[in-house]
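Keep the sequence and the 3D view open while you read.

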Amino acid sequence: MTRPPARLVTLGEHAEVAGVDFRRWWLLAAVVPVLVACAVAVGDPALSLVGDLGVVAAGLTASAVLWVVGGRRPQRRSWRLLAAAPLLPVLGTLLSSVVDPADPLQLVVLRWVPTVPGYLIAIVAILSLVDRKRLRNGGLRLVVELALFSAASVVVVQLLVVGPAGSWSHLAVAEQLVLAAAVVSTSATMAAALTVLGVIEGRRQRMALVLLAGAVLLTSGRGLATRALLGDWMVGVDLSRFLVAGGLGLLAAAVLIDPGFDPDGGVPAAKGRTTELGQLLPHVAMAIAIVVLGAVPMAGHVPTAVNFVGAVVCVVLTAVHRWVTSRDARRMAGRLRRSEAYFRSLVRSSGDAVVILDDKLQITWASPALDRALGPAAARLLGRRLLDAVHPEDVAALTGALPASPCEAMPEDAHHLLLLRLQDDEGVWRYLEAGVSDLRDDPDVGAVVLHCRDMTERHAREQALQSVAYTDPMTGLPNRAGILQTLQAELADADRGPSSLLMIALDGLAEARESAGRETVTAVMAEIGRRLRSTVRGEDTVARMGGGAFAVLAHGGDGDADRLAARCLSVVEQPFVTPAGLLELTAGVGVAPLEAGLGVDELLAHADLAVRASHTNGAGSAARYCPSLGEAAARQERLRADLQGACARDELFLLVQPIVSIAEERITGLEAQLHWRHPELGEIPPAEFLSLAERTGLIGEVVRWALEEATSVAAGLPGGEQPLRIGFKVPARHAATGTLVADVEHALNRSGLAPERLVLQVSASTVMAADDRTGMDITSLRLMGVHVALDGFGSGNSTLAHLTQLPIDIVRLDRTMIARIDRDPQSRALCESVIGIAKALSIDVVAEGVETPAQLAALAGFGCDFAQGFLISRPVPLGRLTAMLADGAGSLLPGFVSRV
């Protein structure tokens, strides 16, 4: 099984390891002179001072190592406190060497007086090496162990210090107190080291064992030295130097091998719990005390009361320790049982099921929550591979989230939630949301764990909500979001065949809603959806885009799509029988093929362009998208953007076309026509950019500029007995804004043109608008003196009744009305009738689009007042008009016209 990578060793850690190795060699180098000094003292008793100085050097070296190295450990206060302990025995040795008393007992007392505080310091330092929580959590068991270790140590140390006879009677009271303090302090030091070894965490046991060995050697050496000095046993003195030096060396070695607290936060892993070695040490201490007690009679001596009482106390404390340990074990077992029952109840009552998988991904255990989701089928899953139990469609996702083999690491995306299906007892697939945890490295688990939650009901609700979100409630068809999702999937499918998107835009829906009502139109929309659904093939998709638009995703070639578009038009145009009567609608269909590399937005844009092209072709037609439509749309978008600011950039200009009086053969008026010279696209026809201005809201700015420019042109023309009038065509959209009166007044005031010389050309729909404000504006303009001309009469929805109903001064005949008057009797009769009615109503008549002399002659015969067209003059710049007026002496028509 793959394990996490080992922690990288940094450069600082390399240096630390190298420093530790160097200090170990330095400590070994310091031990050699000490051993040599002790050996010299053994060889020559006269050089005992050299041996004592060697022990002093060992104490100073150990203190230096503990201070320097311990300062880099997490428990630096404890190690530096322990560093002070060897200095006091060194002080005692130096004092005894300087004073050199003759009485051995005085020499012993002199050495022990500063040494006893050193041992007390060492006891505090040793105990503080263990985390306080571990000591506090030890409770009564730790107190019993400390007492047992102390009693056993007293038995051993008392034997070393006083001897097997144990005679204290020949000593003075002060000396007895010093030696008793020595026995107690050394015993307490060994007891502290034994206690630390019993409770310290496992990773630091090697350090604690070395520390205990150092304490044992040190205390044994001190006790042996005391016993040898009191008994004048020089061999014991020599041996004690080696023991003391070895103990000091082991103290220094302990700090070098101390790994410190656990690196995960610096907190011990198992607080307050004894290790296996800690459970064994009390029995070992009791055994040592009994062995020592039994060795005294074997040596020919009678055990002292201290030895006997100490051994009895060790046995009693061992029994108490066993009882405390058993009690703690029972309590721990009870807590474990309660904890296990607690967590078992939590797992049993949890809504999330826990499933454990082995290395082969076989289900080895499942919590009771899985039974609630699957019923009896959950028990049959044990021993089966999870990949064999889930729904076949979920195998791929599970394979990517689970390790394929025991040695393979968990995939990177394994922590995401998975949706898998398992079959219940009735054969129904239940949806489960599973989170995967890789606990193969956990020694307590060693498996892959799945945390599963039953999501069947939630999945059903989500599917219902998704159905609502992607379904049109009126028709039951997919809505715009639904067809967009389908188109996105279709475009992403590399293996799809040819297909097209049909966009169907209904015409006449607003009128039908006004005449038949909203509920009737709703029923008609549902019927259209049913008709389209029955018209297309089974693999095609019909959707309602909103409003009066439907979409069809049709599979097949271009021919199939065109035939389907024709069928869709046919079913839409069939009459609808409603409670309000028959309802007829028309539509336009745009066909856009699905091409590789095309996005959904681009595809919809192509379909919209095709629909616009179908409306241009006429009602009930279909159009296929082609690149030229896209180029036209791009041109429109470019013009729409560039029209903003065209006035400020002086790109708009006026051309004027003369209007002549047929009877007088004179130029009596002008029509100002607005033009746009694009810096890159050249001349833009007015019909193209004025419709753009209306759609973009710029028509007001353009009309105001044109009015000011036209009135300025007319005011600057040469005057005469009958000054020329100038006309300007007002778009219907601008006339409905309510600013026309103010715009005209501002233009007249700015230019100084008389209102009688301005003619505003409006359409019949504008004058007859339902908005009362527009009619009031027309009336206000006439009251100001401005003439109003009915433009385009004879085309669209204009009728003879308009001549009597509308507030107009002039009627302008459309070019379609006079195009055939020279050769079509009906057109001739109609035109003559209109002119006669207008003259009877005292309305001037202007004929537009006069292009042939025959048309002009016929108009003259009908008594038409004015004419305008290419026969007379094309639209020309102002300078050209001025030259024309000068050539005709300001009054005559061009010669070829006058001869007609």
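Asp865 sits in the loop between α31 (853–862) and β21 (866–867). Helices (H or I, at least four residues) and strands (E, at least two) are DSSP runs, numbered from the N terminus. The model is predicted: local features need pLDDT of at least 70, side-chain atom pairs count only at pLDDT 80 or more, and totals for chains, interfaces and linings use all residues. Residues are numbered from 1 along each chain as its sequence is written, and side-chain values use heavy atoms, with hydrogens and water left out.

Is Asp865 buried or exposed? Asp865 counts as buried because its relative accessibility is 18%. Buried means under 20% relative accessible area, exposed over 50%, partly exposed in between (1.4 Å probe, protein chains only). The side chain of Asp865 makes a polar contact with the side chain of Lys839, at 3.5 Å. Such a contact is a pair of N or O atoms within 3.5 Å; within protein, one must be able to donate a hydrogen and the other to accept it, and residues adjacent in sequence count only if both atoms are side-chain atoms.

The table covers contacts (heavy atoms within 4.5 Å), leaving aside neighbours within four places in sequence.

| Residue | In contact with |
|---|---|
| Asp865 | Val660, Ser661, Ile662, Ala663, Lys839, Ile843, Asp844 and Val845 |
| Leu859 | Ile662, Ile818, Ile821, Cys831, Ile835, Ala847, Val850 and Cys864 |

Leu859 also belongs to the largest nonpolar core, which has 76 residues. A nonpolar core is a set of buried Ala, Val, Leu, Ile, Met, Phe, Trp, Tyr and Cys residues joined through side-chain atoms within 4.5 Å. Val744, Leu813 and Leu859 touch the most other members. Helix α23 (residues 699–716) gives the most to this core, with 7 residues. A second, separate core has 46 residues, including Ala58 and Val199.

Next comes a sheet. Its 5 strands are ordered β2-β1-β5-β4-β3; the sheet is open and the pairing antiparallel. Two strands pair if DSSP finds at least two bridges between them. β2 (363–366) and β3 (418–423) stand at the edges with a single partner strand each, so one side of each is left without a neighbour in the sheet. β3 and β4 (residues 429–439) pair over 6 bridges. Leu418 has Ala434 in β4 as its bridge partner.

Finally, both Trp676 and Phe689 are buried. Trp676 lies in strand β14 (residues 666–678) and Phe689 in helix α22 (residues 686–696).
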